[in-house]
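Welcome, and please open the structure in your viewer. We will go from stop to stop, selecting a few residues each time.

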Amino acid sequence: MTVPLHLKGYDIQCNGQKYVPSSENFRKHSSSRATSNSVWSSSSVIYSRSSKPSFSNANFPTTPEGRTYHLGTKGGEVANRILSVGATQRAELLSKLLDPPPNGGQLFRYLSSRGFLTVTGEYQGTPISIVSTQMGMPNMDFVVRECRAVVEGPMAVVRLGTCGALQPPASLGQLIIAHSSINIRRNPDAWSDLSTASMLPAYMFTLPVQADPHIVRLLAEEASSTMGASNVISGLNATADSFYSSQGRVGGNFDDRNEGLIEEMCEKYPDMVSLEMETFHLLDMARCSGGRVRAAGMCLALADRKSNEMLEYARLEQLEVEAGLAALRALIKTDLD
Ligand code: R1P
């Protein structure tokens, strides 16, 4: 399926305009399919932190009005179905797939001082937030914990990212859905001066954590319909703590000891297909949420780690839209009751 791109060149407006969203109305509708356009009525929402806010509670800092420390959102501004994407530009692009707000209004937008952008609206009548998560596990941690703190009821989070295709059957341009993920970390102790350090492995691999099988199935169905089944695969993902060392990228500036890392991964995990930096933590957080967060992740293969090729950037935007549509459709079909 070809999805037309019709809303290019959108700029984030970050002008400090204050807006008070219809929070009560939103809360009422946020866990189920909305039946009317009332949620976003008259919502022209552009908000960013322009003054220095005060926070209380060092354990989980919030402003007096309940805004979280890093994402800056509060109750009523985040839907319980969340599409997490890395780049802010991707969040902007995919926000154009949301239903047009009624009465010529705009979607709710909050750009935090730390660069997290939250866009909330509806997709086919169901409230959805798109959150730009930036890069790496600590940022995914902020997103999951701070969204969880302001959302009522059960939550579903789908990550749509980019990744490296590790080995066949994964190849450039495919959408790779993670049925599970492991974490690969550089082990700093291996570089210690202690004599025993040379015995330690330079990289550590965790056990796998599973994605939500219901969401994985929905993602596979929806992505097959928007992108074609032959462009969608699923397999084991690896989330690394670096784009470079722990993903086996070699270079002369640092003593990374990672020359054989790609081969080691392929040998140890024949079904490992993708390498990126967030999915494991999302699934791990969901596992520890006591059933209050359901999660899955999928990534577009932007780099082929065997052939060393990169996807043409011009192709990426179309693929992001097709995969984004699949993610939104899967999210609204996810059973949260
Ligand atoms: C590295 O370039 C970034 O791209 C991938 C990695 O996981 C990392 O965040 O995902 P995103 O495209 O979602 O950012």
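Start with the ligand and select R159: an N or O atom in the side chain of R159 lies 2.8 Å from an oxygen atom of the ligand. Such a pair is a polar contact, meaning N or O atoms within 3.5 Å. Before going on, note that this is a predicted model, in which local features need pLDDT of at least 70, side-chain atom pairs count only at pLDDT 80 or more, and totals for chains, interfaces and linings use all residues. Residues are numbered from 1 along each chain as its sequence is written, and side-chain values use heavy atoms, with hydrogens and water left out.

Now show the residues around the ligand, among them G86, M135, F243 and E276 (a heavy atom within 4 Å).

Move on to helix α3 (residues 137–150) and helix α6 (residues 279–287), whose axes come within 8 Å and cross at roughly 35 degrees. The axes are lines fitted to C-alpha atoms over the stretch in contact, with angles from 0 to 180 degrees between N-to-C directions. Helices are DSSP runs of H or I with at least four residues, and strands are E runs of at least two. Which residues make the contact? Select M137, M140, D141, V144 and R145 of α3 with F280, H281, L282 and M285 of α6 (heavy atoms within 4.5 Å).

Two loops remain. In the loop between β6 (155–165) and β7 (175–186), find P169; a cis peptide bond joins P168 and P169, with omega about 10 degrees. Finally, go to N57 in the loop between β1 (45–48) and β2 (81–85). N57 is not a glycine, yet its phi is positive, about 70 degrees.

Conventions
Polar contact = N/O pair within 3.5 Å; in protein donor to acceptor, adjacent residues only side chain to side chain.
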